[in-house]
Amino acid sequence: MLEKSLQSLERFKSGLQNGADIVLLQNGRTNDIDSIVKELYTATPLPKNVKVALFALGGYGRREMSPYSDIDLMFLYEGSLDDVKPLVDSILYPLWDLKLEAGGATRTLADCSAMFGGDIRAQTAMLDARFVTGDEDLAESFMQLGQSQLANGRWRKRFVRAKYAEQAERFKRFGSSVYVLEPHIKEGEGGLREYQTACWIERVRTGYDLNIKNALPTEINYLLKLRAYLHLLAGKREDRLTFDNQLALAKEFGVDAPELMSSYYRNTASVHKNSKLITDEAAPLFKRLYKEWHVGRVKKIIGGSPSWQRLVANSDILPDALFMMHGSGELKKLIPSFENIYFRAQYGTYHVYTVDIHSILSVKKTVELGDRRSHGLISRIYKRIKRKDLLLMAVLLHDIGKDGTKDQNHTVRGAVIARKEALRLGLSEADADTVSFLVESHLIMPRLAFSRDLADPRLIENFASTIDKAEILDMLFVLSYADIASIGADVWTVWKERLLCQLYAATSGDSVYKDLARIKKRIEQSAPDQFTKKWLETMPDRYFIANTEDLIISHIEMFKAYLLTLEIEHGSPLLVRHNTCGSHSEFLIMAADAPGLFVKIAGVMAGNNVNILEADLNTGKDGIVFDILRVQNEVGKAISELTAERISSDLKAVLAGSRKVEEMVRPSLFLKKPVSEQAKRVVVDNDVSVYYNVIDVYATDRLGLLYGLASVLFNEGCSIGVAKILTHAENVQDSFYIRDRGGAKITDGERLGRIKDAI
């Protein structure tokens, strides 16, 4: 039997590699499994008072067996369940021994009748039931039960609505777009399950499913072939087109990965379009009526000859219009350069969607700002922009330079293309220049906000000098948000919004960046005592720029508690305060300055599975260190109070010398298998800051990375003033503002070279 199973798998593999028809291969694999199951069935005699009919369910029932598909069986019986169990075991155990994924359900006719009113997945599986072997009369009774359900109008109505709702939930889990970068070939939008759902709905509603099957033979065969290759490459059931799987499959198909995925998206787009025609008919009546009205309105605005001016004048339906035009091909006619980013995957990034879909989703995120209050400042700025037509064009074209050209930065190339398209669409030279500038500059604000010290006046002044109009800054601000928010779920965070808004406020003049004397005077008037005066004298200027007046006053209260503890303990106390701030936590750490202090803090955080997002390190003139750390747990959320207490305890132990940080940060904690490796890169920037050297480290993320980098910098005699950590999925950009331990900027080129090499 093992030989028979291996031969079956080998025939499938050989046939696939030799170009055999995938449907015939699946039929052959199904017949081989049937043969094994029948042989096992006949080898176990049943008591005379027991009847069993053995059915294949699911893909096995539909004769769609890929190399490692599940073998779903139903043992329909009459008699005692105890008498049936030996037969079940005699079939399932040998299948498991053959390393086949097999499962069996034991049911009576009464059980099956009850299940037609229960779980939708069980009902669906029984619709695909195929008799394999056993008692034919019992099998016929089951088939008549199924036919009676199909004749029941109320059941049919419940079934199709339940399948519609089930599919909506499934798309939420696996990505509500055909164009996700690592799609699930079975469960994702445009995948095999959507096609099967359309077949089930059509069969139950009309009694047949030939329409959908006749419409998609090429596309479905393509997906079945891809899935078969995935199974064979993995040596198990595998339905996810990860980046690694894409590379492996591309090699098998003799193409490169982008070409493979372009074919995948074209086929799944067709599957989704044709399947949706059927599944949408199962939607509730009010949804069908609204969709009919809305689609009619969108088509009317698009018209026979789409116009950008007409589209943007109806911005509430602009995203839907763009998606509709994308599917029909009219978008490429309106903006010819858009064809070069169709189905274009974004490898080595943390994007979820292809370039074309990401661009349209960015427009959607922008337009939604007009109806939302959740993004506060960003929404207010969007609403006051007068030339929304220019902004929306720049948003749509911001990644137009990602057309596969490798010899030029995509923002620079995109700016040239965007200007050309803007002129072609009827914009003036000046307006086209604005669109071009926004496209070329759309990465600047996120880069500065997430990796640079926003309390540095020189940084703000330099950035502000590149913006000649207030509305250009407003547009760039909104574009930065839309680009990040449309990358994928949970990419836009409260933390990123805070940083981007801080940069915008500083640049637009809505802050008090340039008047430190006035800031300090107001703080002193709010809390006129010796502690406030000492704090104002102690902390560096950048601290007062980086924090609001309310926060500074709360820090002074902590400073009072620190000094009181210092008097009582007659030693070097440590004060730790933990605050939950939405999706992240904030640690305020006050201690006496000591060599390697931040290394120890970073080590304790790593030892407690905590990721540091940003570290604002302030060393006072009297040797008091006040560090502000924004952190998250290993799943990107704020940490619990229990973890915060443990961190505080560990910090005290490490700083007191009763515990070594090296013992907490075990090498095993560093292990984190990345999805794709990022090329390691270290860049030294000596111009962005007057007082610091800035070192950017690009690497694959792992727990303990920041601790390791901080240790290297400490060993090289450096003091860290600010640390900004930006994580893109499994990759990070860590930026460190450093100087020597004497407080001076490092000017020795050879020393900087040694530091870079050490990192």
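A592 stands opposite I624 in strand 8, where strands, like helices, are DSSP runs numbered from the N terminus (E, at least two residues, for strands; H or I, at least four residues, for helices). The structure is a predicted model, in which local features need pLDDT of at least 70 and side-chain atom pairs count only at pLDDT 80 or more, while totals for chains, interfaces and linings use all residues. Residues are numbered from 1 along each chain as its sequence is written, and side-chain values use heavy atoms, with hydrogens and water left out.

Strand 6 and strand 8 are antiparallel and paired over 8 bridges; two strands count as paired if DSSP finds at least two bridges between them. Strand 6 is also joined to strand 5 (residues 574-581) by 8 bridges, again in the antiparallel sense. Within this pairing, L575 has M590 in strand 6 as its bridge partner. Strands 5 and 6 form a hairpin with 2 residues between them, and G582 in the turn has a positive phi of about 70°. Of the 9 residues of strand 6 (residues 584-592), 8 are buried, so this strand is largely enclosed by the rest of the structure. Here buried means under 20% relative accessible area, exposed means over 50%, and partly exposed lies in between (1.4 Å probe, protein chains only).

The discussion now turns to aromatic rings. A pair of aromatic rings is described by the distance of the centres and the angle of the planes. Rings of Phe, Tyr and Trp (its six-membered ring) pair if their centres lie within 6.5 Å; planes under 30 degrees apart count as stacked, over 60 as edge-to-face and the rest as tilted. The whole structure contains 21 aromatic pairs. One of them joins F338 and Y342 edge-to-face, at 6.2 Å centre to centre and 85° between the planes. F338 and Y342 are both buried.

In another pair, the rings of Y543 and F626 have centres 6.2 Å apart and planes at 75°, so the arrangement is edge-to-face. Because Y543 lies in helix 29 (residues 541-546) and F626 in strand 8 (residues 624-632), the pair ties together parts that are 83 residues apart in sequence. Y543 is buried at a relative accessible area of 0%, and F626 is likewise buried at 0%.

Ring pairs also link Y179, Y264, Y265, F338, Y342 and F343 into a cluster.

Charged groups meet rings as well. The charged end of R681 sits over the ring of Y698, 4.1 Å from its centre; the criterion is that NZ of Lys or CZ of Arg is within 6 Å of the ring centre and within 35 degrees of the ring normal. R741 lies over the face of F714, at 4.2 Å from the ring centre.
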